[in-house]
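Got a chain on the screen and wondering how to read it? Let's go through it in questions and answers.

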Amino acid sequence: MIFTGRGRERFLDAVTGFETAVRERDGERAQRLLQDMYGRFDQAAEDELVAAGPRLAALLHDMPEGPRALTAVVVGACVERGADATLCDLHVLAGLATALGAAGEFCERWAATGGGGLPDPDTGDPEPAVLERAGQDATLGWWLLPRWEMATVAMLNRPSVRTGLEPALRAGLLDALRAVQEASGHDFKCLHYALLVLDDEPLLALHRPTGTGYLLRMTGIGDNFQLHTLLADVLIGGGHVPGQAPSAQEAAVCRDAPGQVPTTGSFNLVTPGGDWVWNEGTPTDIPIVEGVRVVVLDPPPYQRGWPAGRFFPGMTGDLVLERVLGADETREWLGRCAPPK
């Protein structure tokens, strides 16, 4: 999130004034001070942003939907600069839930009034004909959803938020998002993938060519491109299986280093049932068998390359080896697996 500044006034002065305007229901003044916060953001000191994030988050439930979403973006930006996400996340997630419900209603009303391609919420304010067709609240839900996506991903970049997220809340948000995805044809991929990120998750990898198995643990991995590179780093780079290991830089950008660098695939990731696990998906595509996600590593059928890195640049990821399976245990697991399709 990037804001451009105008002047060196203290950011917290605008925050304090904004708090007062919101609590006094002074919409015109609140709007002006919200713009001031945007304008002063890049000049703000780190301690101001750390203090401002939770204060602004606490205001969200008292605000109209438009300013609420714009303020949530500021909250997310504060979290990216060091504010405690655990003091902000529930306020932001509540706003996301409201926006998803309204966006779902927008899609239903759009379909019921003739259908057609949905308007792009990134093209300025909604046209009067859109508001007339779907209603203001539903239209705002659709129009503001990208901003809630931005703010929510900033929260979910933090492992403390992901691990503290109640399973029922995560499942409810995913269900509401999938309903919007199906009705609209928009994927909202960043939000979807962020809600799917696993932490402290066991992964059993069976390397079929060598008949060896490995119990690993993954955290903060945004997609299977990242997982694939880290599997090669741990298993090939660790000397457990043959192949061309990723470079130190290729592995680092998949953990916590900035940027992307080219890499080449070392495996074909396959489910125990024999289906491919696509790099474009997420680790949740790997099925759970007897309480652990199980992936089979076959030779790549053709050479595949991609930019090694993290789907979420603000999210630290890791994959660690916990133990090497014994030969009998590996043979038993592989015996349950279908041959590759």
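**Reading the model**

This is a predicted model, with a mean pLDDT of 95 for the chain and 97% of its residues at 70 or more.

Q: What share of the residues in the chain is buried?
A: The chain has 13 helices and eight strands, and its C-alpha atoms fill a box of roughly 70 × 50 × 35 Å along the principal axes. Among contacts between residues at least 6 apart in sequence, 74% join residues at least 24 apart. Of the 341 residues, the buried share is 51%.

Q: How many Å does helix α9 reach from its first C-alpha to its last?
A: Helix α9 covers residues 167-184, which is 18 residues. At 1.5 Å a residue, the expected value is 26 Å. The model comes close to that, with a reach of 25 Å.

Q: Within what arc do the buried residues of α9 fall, seen down its axis?
A: An α-helix has 3.6 residues a turn, so residues three or four places apart point the same way. In α9 the buried residues are Arg170, Leu173, Leu174, Leu177, Val180, Gln181 and Ser184. They line one face of the helix, because they fall within an arc of 125°.

Q: Which exposed residues sit on the face of α9 turned away from its buried side?
A: The buried residues of α9 pack against α5 (89-112), α7 (136-156), α8 (159-164) and α10 (189-196). The face turned away from that buried side carries exposed residues instead: Pro167, Ala168, Asp175 and Glu182.

Q: How far apart are the end C-alpha atoms of α5?
A: The helix has 24 residues, so at 1.5 Å a residue it should span 34 Å. The model agrees with that, and the end C-alpha atoms are apart by 34 Å.

Q: How far from Cys78 is the nearest cysteine sulfur?
A: A disulfide is a covalent bond between the sulfur atoms of two cysteines. A search of the whole structure finds zero of them. Cys78 is in no disulfide, and the nearest cysteine sulfur, that of Cys88, lies at 7.6 Å.

Q: Is Cys107 buried or exposed?
A: Cys107 is in no disulfide either, the nearest cysteine sulfur being that of Cys190 at 18 Å. Its relative accessible area is 4%, under the 20% cut-off, so Cys107 is buried.

Q: Which side chain makes a polar contact of 2.5 Å with that of Thr282?
A: Thr282 is found in the loop between β4 (268-270) and β5 (288-289), and at 4% relative accessibility Thr282 counts as buried. Not counting residues up to four places away in sequence, Thr282 touches Tyr193, Leu196, Gly222, Asp223 and Asn224. The polar contact of 2.5 Å joins its side chain to that of Thr284.

Notes. Residues are numbered from 1 along each chain as its sequence is written. This is a predicted model: local features need pLDDT of at least 70, side-chain atom pairs count only at pLDDT 80 or more; totals for chains, interfaces and linings use all residues. Side-chain values use heavy atoms; hydrogens and water are left out. Helices (H or I, at least four residues) and strands (E, at least two) are DSSP runs, numbered from the N terminus. The expected span of a helix is 1.5 Å times one less than its number of residues. Buried means under 20% relative accessible area, exposed over 50%, partly exposed in between (1.4 Å probe, protein chains only). The arc is that of the directions from the helix axis to the C-beta atoms. Contact means heavy atoms within 4.5 Å. A disulfide is a pair of cysteine sulfur atoms within 2.5 Å. A polar contact is a pair of N or O atoms within 3.5 Å; within protein, one must be able to donate a hydrogen and the other to accept it, and residues adjacent in sequence count only if both atoms are side-chain atoms. pLDDT is the predictor's confidence in each residue, from 0 to 100.
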